[in-house]
Amino acid sequence: MDYRYSVRLKNYRWQVDTALEVGEGLSLRQEREKLAALDLSAGERAELAEIDAGALEFLMDLDYVAPYLLADDPTQPLEYWWWHLGKLRAGHYPAEYLPEHLRPLYRPAARAA
Amino acid sequence: MEERSKARQAIGEARHQRVWPVSRIKPQGRMAQHTLDALRDYRHIPEVGAFLNELISKQYRIDSRLWHYFKYKYQWDDPLRSPEELDERFEAVLRDKDATVHPIGERYIIHSQLAGRWAIIDSRGFRITVYRPTEQDLENLETPLWTIATLFA
């Protein structure tokens, strides 16, 4: 069996697919940050968009998300949404800062209720 | 109950019972779809075909140990031979007297350098996950409060 996805995205995929799936992900934000600095191919960008969407789905749907993931870094720009998972989960994040493909997955009213 | 007693109780339970929570898989979720797509590529293998059928019959509520096993093995190329091996990995971490214990929210990370893995358990001692941390994970891990040896001294 060969690894079936983009190798450069592997650590971030791992953080989302196996750690965030159970409410954890000690390096999720750093791994996502590293990818923001890379010049990704079109294929990698498409895969990244898919993993980002998966991350947001988990964040909105899971019963438990570790508190350290929800401790936002206010020094980071809002466009870097992965540093603001607490606001996203609480429904307090301004949706206009999210990439367009993630906005349909963000349900601030449901989370804030 | 004081923090130390809570940690002792949770780790003690995790050592003596092999309980994993039930995963409620959302088959329409993106990451679950990736896993299910990977598994469908191997549905000719009897254990995979049976697991895919079990997921449907149980409406995607499944022992998380099984979900871990199939995900790790068939999506992440982990050389696991059986779901029981996940428990063996857990127990290798929890047996290590030098393993460090890190409270994180309602859970604990127990990191064993000897086993090369960390295990995460919840306050009931349920087995949440076990895997090899990355270098970044280890950098992010805060100072432990105890080792297994000092916790149970």
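Leaving aside neighbours within four places in sequence, A:Tyr5 is in contact with A:Arg13, A:Glu47, B:His34 and B:Gln75. The structure described here is a predicted model. A:Tyr5 is located in the segment that precedes H1 of chain A, and with a relative accessible area of 16% it is buried, the limit for that class being under 20%. Towards chain B, the side chain of A:Tyr5 makes a polar contact with the side chain of B:Gln75 at 2.9 Å. Within chain A, 42 residues separate A:Tyr5 from A:Glu47 along the chain, while their C-alpha atoms are separated by 8.2 Å.

A:Tyr5 also belongs to an aromatic cluster, in which ring pairs link A:Tyr3, A:Tyr5, A:Trp14, B:Tyr72, B:Trp76, B:Trp118 and B:Tyr131. Over all chains, a search of the whole structure finds 15 aromatic pairs. One of them is formed by A:Trp14 and B:Trp76, with an edge-to-face arrangement in which the centres are 5.0 Å apart and the planes are at 90°. A:Trp14 lies in helix H1 (residues 10-19) of chain A, whereas B:Trp76 lies in the loop between H4 and helix H5 (84-95) of chain B, so the pair joins two chains. Both partners count as buried, A:Trp14 at 14% relative accessibility and B:Trp76 at 11%. A further pair, B:Phe51 with B:Trp67, is tilted, with 6.3 Å from centre to centre and 40° between the planes. This pair links distant parts of the chain, since B:Phe51 is in helix H3 and B:Trp67 is in helix H4 of chain B, 16 residues apart. B:Phe51 and B:Trp67 are both buried.

Besides B:Phe51, the buried residues of H3(B) are B:Val48, B:Gly49, B:Leu52 and B:Leu55. Viewed down the axis of H3(B), the buried residues fall within an arc of 160°, so they line one face of the helix. The elements covering these buried residues include helix H2 (30-40), strand E2 (61-63) and helix H4 (64-75) of chain B. On the other side of H3(B), B:Pro46 and B:Ser57 are exposed. B:Gln59, which follows H3(B), has a positive phi, near 50°.

Helix H1 of chain B (residues 3-16) has 14 residues and reaches 20 Å from its first C-alpha to its last, close to the 20 Å expected at 1.5 Å a residue. Buried positions in H1(B) are B:Ala7, B:Ala10, B:Ile11, B:Gly12 and B:Ala14. The backbone oxygen of B:Ala14 is reached at 2.6 Å by the side chain of B:Arg127, a residue of strand E6 (residues 127-131) of chain B. The side chain of B:Arg127 also makes a polar contact of 2.6 Å with the side chain of B:Asp87. B:Arg127 is buried, its relative accessible area being 0%. Not counting residues up to four places away in sequence, B:Arg127 touches residues among them B:Arg15, B:Trp20, B:Pro21, B:Ser64, B:Phe90, B:Glu91 and B:Ile120.

The largest nonpolar core has 83 residues, of which A:Tyr12, A:Leu56, A:Trp81, A:Leu88 and B:Ile110 touch the most other members. Helix H3 (residues 42-61) of chain A gives the most to this core, contributing eight residues. With residues up to four places away in sequence not counted, A:Trp81 touches A:Tyr12, A:Arg32, A:Asp52, A:Leu88, A:Tyr93, A:Leu98, A:Pro99 and A:Leu102. A:Arg32 is placed in helix H2 (residues 28-36) of chain A and is buried, with a relative accessible area of 7%. Its neighbours within four places in sequence left aside, A:Arg32 is in contact with A:Tyr12, A:Leu48, A:Asp52, A:Trp81 and A:Trp82. A:Gly43, in helix H3 of chain A, is partly exposed, with a relative accessible area of 49%. A:Gly43 and A:Pro99 are 56 residues apart in sequence, and their C-alpha atoms are 17 Å apart in space.

Notes: Residues are numbered from 1 along each chain as its sequence is written. Chains are lettered from A and ligands numbered from 1 in the order in which they are written. This is a predicted model: local features need pLDDT of at least 70, side-chain atom pairs count only at pLDDT 80 or more; totals for chains, interfaces and linings use all residues. Side-chain values use heavy atoms; hydrogens and water are left out. Helices (H or I, at least four residues) and strands (E, at least two) are DSSP runs, numbered from the N terminus. Buried means under 20% relative accessible area, exposed over 50%, partly exposed in between (1.4 Å probe, protein chains only). A polar contact is a pair of N or O atoms within 3.5 Å; within protein, one must be able to donate a hydrogen and the other to accept it, and residues adjacent in sequence count only if both atoms are side-chain atoms. Contact means heavy atoms within 4.5 Å. The arc is that of the directions from the helix axis to the C-beta atoms. A nonpolar core is a set of buried Ala, Val, Leu, Ile, Met, Phe, Trp, Tyr and Cys residues joined through side-chain atoms within 4.5 Å. Rings of Phe, Tyr and Trp (its six-membered ring) pair if their centres lie within 6.5 Å; planes under 30 degrees apart count as stacked, over 60 as edge-to-face and the rest as tilted. The expected span of a helix is 1.5 Å times one less than its number of residues.
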